[in-house]
Structure formats: structure tokens, C-alpha cells
Amino acid sequence: MDLSQISERISRNLTAELDFDDDKKEIVAYGIESLILTVLGFLAIMGMAFLFKALVPTVIAAVFGGFLRRVSGGAHFDTPLKCLAFGAVVYSILGVTAKEIVNYGFQSSGILLAFLLFSLALVAILAPVDCEAKPIHSQNFRRKLKIISIGFVILTIGVVLVSNNFLVNTSAVLGIVFQTMTLLPVFNKKRGITT
């Protein structure tokens, strides 16, 4: 039994007596699977970040990129285990990169904001991107995911504008930009733009 089947079974058991319609059942199943993957992925990322000696920037990049991923979707491997392993490596590399950029004296909020505005445009056009294994059937749910995705990138812009901590800012922006790149059609089996 794979993770999707486990989350659907848990969702069925939780919603059996609540008289939920199919849209609400899909949302509950999605949330359960997201929670399980988030916990496992975060543990893998923390382990890799510890090895690379970049725990703080890696965790920041993973939190920002990971949250955006949960609501925007994006490119997927054929198994969650491959996604978790790839994410652990990539976010650790992003953490090391953020640390090195700041250590070399980078302190340009303007460049970070330009990257976030680019990400905002891509998210507004492309999000959410579903996958063949877990398509989003509900248009209402799709619309909510798009709004939350856009809102989160705007929130990140606010963090960068308010924070004077360039390690936090750089890590957050790298996490957002990486996740935004996974929305591009070239990385997804569906080559068209999702609206």
C-alpha cells in the first residue's frame, strides 16, 4: 500500500460519519498525505543539512520552499521516496549556497526582491501544478491553492522587506525560487499551463 492509498483510507475513516462530499474528502486526503510527507521530508532535510553544516539556512529554505510546494504543487518523481531524497539534497545545497553568499558579503535586498517578483509572476500563471498520480479534480480547491500560493510569495516579499537578516532572507528566497522552478512545464509531464 502506497502513501496515497494510506491517506485515502485514513480520510475515508475520518469522514465516514461526517457526511462530507467528494471535494471535502479529497481535501482531507490531500492534507493527510501532505502532513506525512512533510514530516518525513523535514527529517531527511535536517539530517542532510547537519552533514553539510548548514542547518539553519537549509531549514529556512526548506520551510519556505516546502510550504509553497504543498500549495503550488510542481514536478514529481515517480515515488515519494525519490522526492524526499532529492529534496533533502537540494535544500541542503540551497542552505550551503545561502550561507556562502552571505559569507561573501552579499547584502542586496533589491536582487532578492527581483527574484521574488519573478517567482510571484510564475506562481500566478502556473500554480497549482498537479501530477498524474494525484490530480486535483475540484476547481474550487484548485482556485484556493492558487490564492494561497500567491499569498505566500507575497508574504515572503514582506519578510524580505522587513527583515535585516540576510541569511534568513537569502535562504527564504532560494527556497521559493527553487520551488517556483519546479512549476515550469519542462519539469512536468503536462506541458500546458494550468489555470
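Which helix is Met46 found in? Met46 is found in helix H2, a helix being a DSSP run (H or I) of at least four residues, numbered from the N terminus. This is a predicted model, where local features need pLDDT of at least 70 and side-chain atom pairs count only at pLDDT 80 or more, while totals for chains, interfaces and linings use all residues. Residues are numbered from 1 along each chain as its sequence is written, and side-chain values use heavy atoms, leaving out hydrogens and water.

**View 1. Meet the nonpolar core.** The largest nonpolar core has 25 residues, and Leu68 and Ile176 have the most contacts inside it. Such a core is a set of buried Ala, Val, Leu, Ile, Met, Phe, Trp, Tyr and Cys residues joined through side-chain atoms within 4.5 Å. Buried means under 20% relative accessible area, exposed over 50%, and partly exposed in between (1.4 Å probe, protein chains only). Helices H3, H5, H6 and H7 each give two or more residues to this core, and H5 gives the most, with seven.

**View 2. Here is a ring cluster.** Ring pairs link Phe77, Phe86, Tyr91 and Phe178. Rings of Phe, Tyr and Trp (its six-membered ring) pair if their centres lie within 6.5 Å; planes under 30 degrees apart are stacked, over 60 edge-to-face, and the rest tilted. Phe86 and Phe178 form a tilted pair, 6.5 Å centre to centre with 45° between the planes. Tyr91 and Phe178 pair edge-to-face at 5.5 Å and 85°. Tyr91 lies in helix H4 and Phe178 in helix H7, so this pair ties together parts 87 residues apart in sequence.

View 3. Tyr91 is buried, at 6% relative accessibility, whereas Phe86 is partly exposed, at 40%.
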